[in-house]
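Biologist: I would like to learn how to read a model like this one. Could we go through the terms one at a time, each with a case?

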Amino acid sequence: MRVGGALGAVKRSRSVPSGPSSACPRRITRRTGHESVCTVPLCILRSSPAPKQALPARRTMPLKSSLCGEVAASSAAPRVPRGKRGGQQALHCAVCEKEFRFKSALQVHFRVHTGEKPFECTFCGKKFARKGQLPTHLRIHTGEKPFECVICEKRFTEGGNLRRHLRTHTEEKPFECTVCKKRFSHLWVLRMHLRTHTGEKPFECAVCKRKFNLRHNLGTHFRTHTGEKPFECAVCKKKCTTSSDLRKHLRTHNEEKPFECTVCKKKFTTSGSLRSHLRTHTGEKPYECTVCKKSFSESGSLRRHLRTHTK
């Protein structure tokens, strides 16, 4: 009986207290991002570990916009414990609920919603939301190109541009069209190609409401309204609307004819001229008169023919 009584006394002396002891001077604290919060007295942690998957309560963290001064509450949801690091809290954007591990990453993301761009170029005044975007932009002004192709030694301002360039040597085409299975070396080229299947033309001319599938084509078209011709021939000073028109024009000076007919070996200055010529061999006449149904091999011939109906 004495032994049993002694064991009972030991058990009673080591029983876990019902709540945190104010007398216990040693407590564990954790950082919550903006303040230190005391969580568990060390005496309780040693005597009674927390149950498995016990997660802290959801908390909110205020984020303030430097533009309007408005404060938005960003919530931090409990995260399942991972390895030896224990439980962590994931930060959630209060606007779109996107999840982040670190407060700094959340603060950068929050600028997407506020429009804040705190990093400004000292040369042109352009502003950026991310600090890393500014040094890349500055290379436009300094001319620095630190990324060099090991094959042709061409240099680039960004590592991403170099990686895309390398595909011209490796002929890698990682992006495939889900409709026709055609492959492309660049994602943006695939996106443009998909519009040939969907018929999407998101770029509209503000003057004549004509729509285009490429922003570049809209910009080129807009010059027909403004009369702008920014590309000038260095030989005769003739001005052209597009760079491709200038290249075609320059061939009239150097007599270059890079497009050759595979049938008769005749050469032409433009690919369009070659296509028109090939129809003399194939007999193709794709241009049809809507009045009399007569067909022509060239669009110019059709236009001249249509005048015979309007007279």
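Modeller: Start with secondary structure: helices (H or I, at least four residues) and strands (E, at least two) are DSSP runs, numbered from the N terminus. Residues are numbered from 1 along each chain as its sequence is written. The model is predicted, so local features need pLDDT of at least 70 and side-chain atom pairs count only at pLDDT 80 or more, while totals for chains, interfaces and linings use all residues; side-chain values use heavy atoms, with hydrogens and water left out.

Biologist: In which helix is Leu 278?

Modeller: Leu 278 sits in helix H9, residues 271-282. Between Leu 278 and Cys 264 there are 14 residues in sequence and 9.5 Å in space, C-alpha to C-alpha. The protein chain has 10 helices and 20 strands.

Biologist: How is burial read, and is Leu 278 buried, exposed or partly exposed?

Modeller: Buried means under 20% relative accessible area, exposed means over 50%, and partly exposed lies in between (1.4 Å probe, protein chains only). Leu 278 has a relative accessible area of 28%, so this residue is partly exposed. Over the protein chain, 22% of the 311 residues are buried.

Biologist: How does one check the length of a helix?

Modeller: The expected span is 1.5 Å times one less than the number of residues. Helix H8 (residues 243-254) has 12 residues and should therefore span 16 Å; its end C-alpha atoms are 17 Å apart, which agrees. Helix H10 (residues 299-310) also has 12 residues, and its first and last C-alpha atoms are 17 Å apart, close to the expected 16 Å.

Biologist: Which residues of H8 are buried, and what covers them?

Modeller: Contact here means heavy atoms within 4.5 Å. The buried residues of H8 are Leu 246, His 249 and Arg 251. Their cover includes strands S15 (231-232), S16 (239-240) and S17 (259-260). Just after H8, Glu 255 has a positive phi of about 60 degrees.

Biologist: And which residues are buried in H10?

Modeller: In H10 they are Gly 300, Leu 302 and His 305, and they pack against strands S19 (287-288) and S20 (295-296). For the protein chain, take the contacts with a separation of 6 or more: residues 24 or more positions apart account for 10% of them.

Biologist: What does the UniProt record annotate?

Modeller: UniProt positions are given in the numbering used here, feature names are shortened, and annotations may be inferred rather than shown by experiment. The unreviewed entry gives "domain: C2H2-type" for several spans, among them 259-286 and 287-311. Residues 259-286 are 43% helix and 14% strand, with end C-alpha atoms 21 Å apart. Residues 287-311 are 48% helix and 16% strand, and their end C-alpha atoms lie 21 Å apart.

Biologist: How are charge pairs read?

Modeller: Side chains of opposite charge can pair when their charged atoms come close. A salt bridge is a side-chain nitrogen of Lys or Arg within 4 Å of a carboxyl oxygen of Asp or Glu. The structure holds 7 salt bridges. One of them joins Arg 183 to Glu 176, with the closest N and O atoms 2.8 Å apart. Arg 183 is partly exposed at 38%, and Glu 176 is partly exposed at 34%. Another joins Lys 127 to Glu 120 at 3.8 Å; Lys 127 has a relative accessible area of 44% and Glu 120 one of 42%. Glu 204 and Lys 211 also meet in a salt bridge, at 3.9 Å, N to O.

Biologist: Which side chain of opposite charge is nearest to Arg 111?

Modeller: For charge, Lys and Arg count as positive and Asp and Glu as negative; His and the chain ends are not counted. Arg 111, in helix H3 (residues 103-114), is buried and has no salt bridge. The nearest side chain of opposite charge is Glu 116, 4.0 Å away. Leaving aside neighbours within four places in sequence, Arg 111 is in contact with Glu 116, Pro 118, Phe 119 and Ala 129.

Biologist: How many disulfides are there?

Modeller: A disulfide is a covalent bond between the sulfur atoms of two cysteines. The criterion is a pair of cysteine sulfur atoms within 2.5 Å. By this rule the count is 0. Cys 205 is in no disulfide, and its nearest cysteine sulfur, that of Cys 208, is 3.7 Å away. Cys 205 is buried, with a relative accessible area of 0%.
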